[in-house]
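Please look through the structure below before reading on. The report that follows takes up a few of its parts in turn.

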Amino acid sequence: VSGGSSDRAGGSIPTGWGMKRILVIGIGTGDPEQITLEAINALNRADVVFVLDKGDRKAELTRLRRDIGDRYVKDRALRWVEVPSPVRDASTPSYKEGVHAWHAAKAQVFATLIRDEMKDGECGAILAWGDPSIYDSTIRILHDLIATEGSPEFEFEIVPGISSIQVLTARHKIALNAIGEPVLITTGRKLTEGIPGGISTIVVMLDGGAGLDAIAGKDLQIYWGAYLGSEDEILISGDVRDVLDDIKRIRAARRAEKGWIMDIYLLRRAT
Ligand SMILES: C[S@@+](CC[C@H](N)C(=O)[O-])C[C@H]1O[C@@H](n2cnc3c(N)ncnc32)[C@H](O)[C@@H]1O
């Protein structure tokens with residue numbers, strides 16, 4: 001069974017009649033208006049929506065997913081199934097091994113949901129934050145699950161979404177790339193290993209703060225954004241040497257107040 005079928009929203013010939021189908025739907029980064037028509041149509045095909053709940057601190061994000069469902073699915077009540085999201089064990093000495101174990105636990109959760117919460121021929125939706133292809137494990141996990149003997153049979157489709165990268169560049173009114181130049185998308189963890197040379201634009205996601213520490217004193221422009229697409233959105237830009245302390249101070253304060261933060265930044269070298 002392949003997940004890469006051509007039977008997309010609006011397509012006319014279902015490939016696996018009676019087969020369970022998972023729709024991984026990109027929902028943007030917090031603003032319910034940043035959802036595409038394709039995503040709305042996909043939501044309206046879903047019989048059940050699966051939510052991996054990340055606990056009290058991020059309850060706001062689960063609520064937002066529900067709001068999106070209520071706002072865009074009008075003619076019937078969506079069935080929501082919420083289960084606790086497995087958590088990565090940060091004490092595992094090898095980061096990669098920790099991630100591997102975490103993904104395996106998530107795969108088991110998906111397998112159980114598909115087996116127990118869906119009837120043959122039904123559509124289940126997984127709402128992915130931003131775009132499902134960017135620093136999100138769902139696609140990889142579903143491919144692995146399909147390849148795993150004894151797993152429930154299903155097909156899946158991906159509906160792209162507006163990523164935090166696009167919201168960041170739109171809010172700061174900048175182009176993602178310098179003219180004719182490549183872009184590196186990386187994590188805060190990777191940035192601590194050294195700032196890659198020869199690349200004019202670096203986008204940093206998933207930074208617990210160490211990446212910001214690693215750029216202190218550097219001759220770089222930074223375009224930073226937190227809680228993009230929400231009422232709490234914060235934007236700061238400028239020379240790293242001028243604005244980094246402000247970013248770190250505001251970041252720490254907001255994180256302490258809300259209990260969590262999601263932030264992203266773009267670094268640009270003068271060309
Ligand atoms: C697990 S990744 C998911 C990325 C997501 N798939 C996307 O396309 O934006 C989470 C990271 O995305 C970035 N991010 C996601 N939503 C954000 C938001 N609303 N504001 C700022 N950064 C965000 C942050 O760097 C965060 O650590």
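Does Leu206 count as buried or exposed? With a relative accessibility of 59%, Leu206 counts as exposed, since the cut-off for that word is over 50%. The model is a predicted one.

## Two loop residues with positive phi

Leu206 sits in the loop that runs between strand E7 (201-205) and helix H7 (210-214). Its phi is near 50 degrees, a positive value in a residue other than glycine.

Lys173 is another case: its phi is near 55 degrees, again positive in a residue other than glycine. Lys173 belongs to the loop between helix H5 (164-172) and strand E6 (183-187). Its relative accessibility is 78%, so Lys173 counts as exposed.

## How H3 and H4 pack

Two packed helices are described by the angle between their axes and by the distance between those axes. Helix H3 covers residues 95-117 and helix H4 covers residues 138-147; the angle at which they pack is about 65 degrees, and their axes are 10 Å apart. The two helices are therefore roughly perpendicular to each other. Their crossing is right-handed.

On the H3 side, the contact is made by His103, Lys106, Ala107, Phe110, Ala111 and Ile114, and on the H4 side by Thr138, Ile141, Leu142 and Leu145. Sorted by type, the residues of this contact are seven nonpolar, two polar and one charged.

## His103 in H3

His103 lies in helix H3. Its relative accessibility is 18%, so His103 counts as buried; the cut-off for buried is under 20%. Leaving aside residues up to four places away in sequence, His103 touches Ser137 and Ile141.

## The nonpolar cores

The largest nonpolar core has 44 residues. Those with the most contacts inside this core are Ile25, Leu43, Ile215, Ile222, Trp224, Tyr265 and Leu267. What does Ile215 touch, not counting residues up to four places away in sequence? The list is Leu191, Ile195, Leu220, Ile222, Val240, Leu244, Tyr265 and Leu267.

## Phe154 in E5

Phe154 is found in strand E5, which spans residues 154-159. The relative accessible area of Phe154 is 1%, so this residue is buried.

How far apart in space are Phe154 and His172, C-alpha to C-alpha? They are 41 Å apart, with a separation of 18 residues in sequence.

Methods. Residues are numbered from 1 along each chain as its sequence is written. This is a predicted model: local features need pLDDT of at least 70, side-chain atom pairs count only at pLDDT 80 or more; totals for chains, interfaces and linings use all residues. Side-chain values use heavy atoms; hydrogens and water are left out. Axes are lines fitted to C-alpha atoms, for helices over the stretch in contact, and angles run from 0 to 180 degrees between N-to-C directions. Helices (H or I, at least four residues) and strands (E, at least two) are DSSP runs, numbered from the N terminus. Angles under 35 degrees count as roughly parallel, over 145 as roughly antiparallel, 65 to 115 as roughly perpendicular and the rest as oblique. A crossing is left-handed if the near helix is turned anticlockwise from the far one by less than a right angle, and right-handed if clockwise. Contact means heavy atoms within 4.5 Å. Ala, Val, Leu, Ile, Met, Phe, Trp, Tyr, Cys and Pro count as nonpolar, Asp, Glu, Lys and Arg as charged, and the others, Gly among them, as polar. A nonpolar core is a set of buried Ala, Val, Leu, Ile, Met, Phe, Trp, Tyr and Cys residues joined through side-chain atoms within 4.5 Å. Buried means under 20% relative accessible area, exposed over 50%, partly exposed in between (1.4 Å probe, protein chains only).
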